[in-house]
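Please go through the model below with the viewer open.

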Amino acid sequence: MLELVIKDEYIKLDSALKFSGILGTGGQAKMVIQDGLVKVNNEICLMRGKKLRRGDTFSFENQTFIIK
């Protein structure tokens, strides 16, 4: 499991996908989230604005990150 360190209270899911380097653009993030390809805390998440806080995890294509 990889770590994604944030400075603020939370990061939105689409931003986390971009910031982690998994995807290059917000448009790509929007598409994979809408297609049900991203999991947050082991559940499929369709909300690109989902707020991720420390301790939350998100996964896409066999890569899992934990928010620190």
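Where is the place of Glu 61? Glu 61 sits in the loop between β6 (57-60) and β7 (63-67).

The model is predicted: local features need pLDDT of at least 70, side-chain atom pairs count only at pLDDT 80 or more, and totals for chains, interfaces and linings use all residues. Residues are numbered from 1 along each chain as its sequence is written, and side-chain values use heavy atoms, with hydrogens and water left out.

**Two positive phi angles**

Most residues other than glycine have a negative phi. Glu 61 has a phi near 45°, a positive value in a residue other than glycine. The hairpin of β6 and β7 has two residues between the strands. Asn 42 also has a positive phi, near 70°. Asn 42 is found in the loop between β3 and β4.

How accessible are these residues and the others discussed below? Buried means under 20% relative accessible area, exposed over 50%, and partly exposed in between (1.4 Å probe, protein chains only). Accessible areas come from the Shrake-Rupley method with a 1.4 Å probe; for residues, only the protein chains shown count as cover.

| Residue | Relative accessible area | Class |
|---|---|---|
| Asn 42 | 64% | exposed |
| Glu 61 | 61% | exposed |
| Lys 68 | 41% | partly exposed |
| Thr 57 | 14% | buried |
| Val 38 | 0% | buried |

**The sheet**

Strands of a sheet pair through backbone hydrogen bonds, either parallel or antiparallel. In this report, two strands pair if DSSP finds at least two bridges between them. Five strands form an open sheet in the order β1-β7-β6-β3-β4, and the pairing is mixed. The edge strands are β1 (2-4) and β4 (43-44), each of which pairs on one side only.

Strand β6 pairs with β7 in the antiparallel sense over four bridges. Phe 60 stands opposite Gln 63 in β7. Strands β3 and β6 also run antiparallel, joined by two bridges. There, Val 40 stands opposite Phe 58 in β6. Strand β3 (residues 39-40) pairs with β4 as well, antiparallel over two bridges. Lys 39 stands opposite Ile 44 in β4.

Which way do the side chains of β6 point? Thr 57 and Ser 59 point one way from β6, Phe 58 and Phe 60 the other way, and all are buried. In a regular strand the side chains alternate between the two faces of the sheet.

Contact means heavy atoms within 4.5 Å. The contacts named here leave out residues up to four places away in sequence.

Thr 57 lies in strand β6. Thr 57 touches Met 1, Lys 39, Val 40, Asn 41, Asn 42, Thr 64, Phe 65 and Ile 66.

Val 38 is placed in the loop between α2 (26-34) and β3. Its contacts include Leu 13, Leu 17, Val 32, Ile 33, Ile 44 and Phe 60. The C-alpha atoms of Val 38 and Ile 67, 29 residues apart along the chain, are separated by 15 Å.

Lys 68 lies in the segment after β7. Lys 68 touches Glu 3, Leu 4, Val 5, Ile 6 and Arg 54. The C-alpha atoms of Lys 68 and Asp 8 are 60 residues apart along the chain but separated by 10 Å.

**The whole chain**

The protein has two helices and seven strands. From the N terminus on, the elements run β-β-α-α-β-β-β-β-β. The radius of gyration is 10 Å, close to the 11 Å that the globule rule gives for 68 residues, so the protein is as compact as a globular protein of that length. The radius is taken over C-alpha atoms, and the rule is 2.2 Å times the number of residues to the power 0.38. Along the principal axes, the C-alpha atoms fill a box of roughly 25 × 20 × 20 Å.

Of the 68 residues, 38% count as buried. Among contacts between residues at least 6 apart in sequence, 49% join residues at least 24 apart. The accessible surface comes to about 4400 Å², of which 47% belongs to carbon and sulfur atoms.
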